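Let's take a friendly walk through a protein model together.

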Amino acid sequence: GRQLVQIDSKYGAQFSRDDRRLVFQHGSRQGLLKLAAGMECRKLLGTDQGAGAGTISPDGRLLVTASSDQGLKCFDLVAGRLVASVPAGSLYSTCFDAESGDLLTSGTTGALRWPVDRVAEESGGMRIGPPRSLGVTVAYPWCSAFSSQSRRMAVAVDRGPVAVLNVDDPTERVLLKPHPGMWSVAISPDGQWAATGPWNAQ
């Protein structure tokens, strides 16, 4: 019931699966918090174009960040070093699929699925991609959400509705009516409910 720390986080934050760490991003700053200690344990600096999103792998070992200018960057949290960097256009949302280990992203190049493989240390230790399109062009690239339990991803479609699709079969989808100023989207764990919100809270 007490506040541990206060940070500016314009683009949201994401917990690790064990609830012990929190990834946040604001402007050109990305960081990782250890919640028990209430302190920042890693700080990652991007460029002036700003950070987009960050996600921690299901095993807690990897941190992947996406940005509007630097694509994907993968950090080994145990070794504390960058292990992969992939140019990928402007990305604003990313999350791990706990079942497959793939990354799901949305950005100006659409909604994508990225295979993630560990390789020999002499080859960098990590390989991401090449990506596979989920067949969705994204107008509001920060608007996406994923439910690993239901295998459903919700994304805002270019000049149109929100698409709720099955990431294993993207042709299986439901289209939901859009509204003006759409800024955020969420999906329930069972994939039965989706919610959207505007940028101006109206």
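## Strands that pair

Two strands count as paired if DSSP finds at least two bridges between them. Keep in mind that this model is predicted.

With that in hand, look at β7. Strands β6 and β7 pair in the antiparallel sense over six bridges, and Val64 stands opposite Cys74 in β7. Moving on to β8, you will find five bridges that join β7 to β8, and these two strands run antiparallel. Here the bridge partner of Leu72 is Val86 in β8.

## A turn to look for

How many residues lie between β7 and β8 in their hairpin? There are four, and Gly80 in the turn has a positive phi of about 70°.

## Inside the nonpolar core

Is β7 mostly covered or uncovered? It is mostly covered, with six of its six residues buried. The largest nonpolar core has 17 residues, and those touching the most other members are Leu72, Cys74, Leu103, Trp114, Met126 and Ile128. At least two residues of this core come from each of β6 (62–67), β7 (71–76), β8 (81–86), β9 (91–96) and β11 (110–114). Another core, of 13 residues, lies apart from it, and its members include Leu134, Val155, Ala163 and Val167.

## A close look at Leu103

Leaving aside residues up to four places away in sequence, Leu103 touches several residues, among them Val64, Leu72, Phe96, Leu112, Trp114 and Ile128. Thr55, Thr94 and Arg113 are also included in the list of Leu103's contacts.

Methods:
Residues are numbered from 1 along each chain as its sequence is written. This is a predicted model: local features need pLDDT of at least 70, side-chain atom pairs count only at pLDDT 80 or more; totals for chains, interfaces and linings use all residues. Side-chain values use heavy atoms; hydrogens and water are left out. A nonpolar core is a set of buried Ala, Val, Leu, Ile, Met, Phe, Trp, Tyr and Cys residues joined through side-chain atoms within 4.5 Å. Buried means under 20% relative accessible area, exposed over 50%, partly exposed in between (1.4 Å probe, protein chains only). Contact means heavy atoms within 4.5 Å.
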